[in-house]
Amino acid sequence: MRRILVGLKRVVDANVRIRVKTDGSGIDADGAKLGINPFDEIALEEALRMRERGDADEVVVASIGPEDVQQQLRNGLAMGADRAILVQCGDTLEPLGVARVLLALVQREAPMLVLLGKQGIDGDHNQTGQMLAALWDRPQATFASRIVLADGVAQVTREVDAGRETLEVDLPAVVTADLRLNEPRFVKLPDIMKAKRKPLETVPLAELDVDTRPRLRNLRHAPPPTRGRGVMVKDAAELVSALAARGVV
Amino acid sequence: MARVLVVAEHDGLRLNAATARCVACARAIDGASIDVLVLAADAAPVAAAAARIAGLDRVLTLERAANADGLAAVLAPQVVSVAADYSHVLAPATTFGKDLMPRVAALLGVGQVSDIAGVETAHRFVRPIYAGNALLTIEVPVDDTVVGTVRIASFADPGEDEAAPVVAVAAEVALPEHTRLLGRSAPIGDRPDLQSAQRVVSGGRALGSAENFALIHSLADRLGAAVGASRAAVDAGYVGSDLQVGQTGKIIAPDLYVAVGISGAIQHLTGIRDARTIVAINKDPDAPIFEIADIGLVGDLFACLPELNLALDGAISP
């Protein structure tokens, strides 16, 4: 079975303007719209296209979180994943803990490919895929903008600071998705109905027997410094004067 | 006392300027000794440049043929081996460091502090989360090696000094052969590098086409600026993804940032928040870019840019 495992993280929707709690203890996200991390959605879309092309047989989505993360997994099933696994856990795990949980799933599911988003848009860590690859002792190809599967290898084009680079990695491997890998499909109503009948397995975190204790301590959250309101100019000449006044030209 | 190892970023010949800013972050840790590690097939040219970064104790070179391609899976076990003597291991939060360091942290069995934007103590750091909408102060346990990537826009280049000693080291670790480099895109022409440029002119979707980006280039030429772009302009195919500025692109802190036809999505603003002077040109007076701009001009860019070029020619030439 050529299986692809895709990680889905639930995050506050990208369009919500979050606020820092006044006591600095965290982010005020009560009642905010939640959804699948956009990079993870791209990862899932890529996995589905691989299966549709005949390069894979099964797409499994997995998430870690409280019971109601089922909703995001159902969305993943509605997009087209074959089945879902929810690792039930009340706490927010650090990337290392997430990587260890994913490793436990990898050992159970033996995927040929793990596709993850390159970063969560909440913590902006950009760590989990690389950590999983290290713990699994397998290749990683991060920030992918193109993936071609062939004969036990993946050729992955990566978006790097200097432009692009292409790696060839032996499978199994971990690939993390960048923005331009694809545009995820919209879910249609019949697919949502169909998703309700697809298997969704819940695994209590304790059952996996992995160390997910946090190592880092969050001390406080603060809003970013604000920039003073600027000046508006009426034309190009005034703009150049304003730049000159600031010593820029 | 903190012993900091900074992993140098380079292309085999030239040291990336991000490395020096990463050293600046290490210098913000009280009383730290700082070594830079150059992993390469032939480390000499890069080590010579790295040795001149101000505030260093030593440059370590670790030469192995497999290091030529700078692959994270190959470099990580060697960094882990050298890291045994250090309390901190840092690399720039560039695509190089972001790719490598979590692999190092996982092999060490510790967490990673991504995008360090401030140093409070040797084990306490400030980092942006939620696209820079919040700053989190985070503490690493004193018994853990601190593994971090440094948000280079937050630290000034420390300048140069007399050359520090260069010492060759070895790491007797097996290297994986499961990852191969097939190719890299050629570096872009002679324009200043976006990540380290003092001035940057960026264009957005309002440019309308790749051809119209010539307007951005001509303004950038007059200012001696690097060229950047919003995600929308990159997605529309006007320019390559290496020019994207923002949360998932490059985070920059130039003296002057000129945003042309960019509405200012929060993910873009994250990438430019630390610029000293932000100029916005946009025809929509309600565009969010004006909330962060120091100087704003409401107008059609196709009229404004030629006028601005003329006005600059008058201002720059005597």
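A residue is buried if 20 or more other C-beta atoms lie within 10 Å of its own, with C-beta atoms placed from the backbone. The legends below use the word in that sense, and they describe a predicted model.

**Figure 1. Strand β15 of chain B and its two parallel neighbours.** Strand β15(B), residues 277-282, has 5 of its 6 residues buried, so the strand is largely enclosed by the rest of the structure. Strand β14 (residues 256-260) of chain B pairs with β15(B) in the parallel sense, over 5 bridges. Within this pairing, Val260(B) stands opposite Ile281(B) of β15(B). Strand β16 (residues 295-298) of chain B also runs parallel to β15(B), and 4 bridges join the two. Here Val279(B) has Ile295(B), in β16(B), as its bridge partner.

**Figure 2. The buried side of helix α5 of chain B.** Helix α5(B) comprises residues 213-223, and its buried residues are Phe213(B), Leu215(B), Ile216(B), Leu219(B), Ala220(B) and Leu223(B). These residues cover an arc of only 150° around the axis, which puts them on the same side of α5(B). Just after the helix comes Gly224(B), with a positive phi of about 65°.

**Figure 3. The largest nonpolar core, viewed around Leu37(B).** The largest nonpolar core contains 193 residues, and those with the most contacts inside it are Val6(A), Val6(B), Leu37(B), Val38(B) and Ala50(B). Helix α3 of chain B (residues 72-83) gives the most to this core, contributing 9 residues. Domain 1 (3-168) and domain 2 (199-316) of chain B each supply at least three residues to the core. In soluble globular proteins, nonpolar side chains tend to be buried together. When neighbours within four places in sequence are left aside, Leu37(B) is in contact with Leu5(B), Val6(B), Val7(B), Ala8(B), Leu60(B), Leu62(B), Val79(B) and Val82(B).

Figure 4. The buried residues are Thr128(A), Gly129(A), Gln130(A), Met131(A), Leu132(A), Ala133(A) and Ala134(A). Their cover includes α3 (95-109), β8 (113-117), β9 (140-150) and β12 (173-177) of chain A. Chain B takes part in the cover as well, through its helices α3 and α4 (95-108). Asp137(A) follows α4(A) and has a positive phi, near 60°.

**Figure 5. The contact between chain A and chain B.** Chain A contributes 66 residues to the contact and chain B contributes 67 residues. On the side of chain A that touches chain B, the elements giving two or more residues are α3, α4, β9, β10 (153-160), β11 (163-170), β14 (217-222), β15 (231-233) and α7 (236-245) of chain A. The largest share of this side, 8 residues, comes from β11(A). By class, this side of chain A has 35 nonpolar, 14 polar and 17 charged residues. A pairing of strands also links the chains: β14(A) and strand β8 (residues 134-139) of chain B are antiparallel and share 5 bridges. In that pairing, Asn218(A) stands opposite Ile138(B) of β8(B).

**Figure 6. The two domains of chain B.** The domain assignment divides chain B into domain 1 (3-168) and domain 2 (199-316). Taken over C-alpha atoms, the centres of the two domains are separated by 31 Å. Contact between the domains involves 6 residues of domain 1 and 9 residues of domain 2. The side of domain 1 that touches domain 2 has 2 nonpolar, 3 polar and 1 charged residues.

Figure 7. Chain A contains 7 helices and 15 strands, and its C-alpha trace spans about 65 × 45 × 40 Å along its principal axes. Of its 249 residues, 46% count as buried. Among contacts in chain A with a separation of 6 or more, 68% are between residues 24 or more positions apart. Asp91(A) lies in the loop between β7 (83-88) and α3 of chain A. Asp91(A) counts as partly exposed because it has 13 C-beta neighbours inside 10 Å. The C-alpha atom of Asp91(A) is separated by 32 Å from that of Leu189(A), 98 residues apart along the chain.

Terms used. Residues numbered from 1 in each chain as written. Chains lettered and ligands numbered in written order. Predicted model: local features only at pLDDT ≥ 70, side-chain atom pairs only at ≥ 80, totals over all residues. Core = buried A, V, L, I, M, F, W, Y, C linked by C-beta atoms within 7 Å. Buried ≥ 20, exposed ≤ 12 C-beta atoms within 10 Å, placed from the backbone. Domains from an automatic or database assignment. Contact = placed C-beta atoms within 7 Å. Nonpolar A, V, L, I, M, F, W, Y, C, P; charged D, E, K, R; others polar. Pairing = 2+ DSSP bridges. Arc of directions from axis to C-beta.
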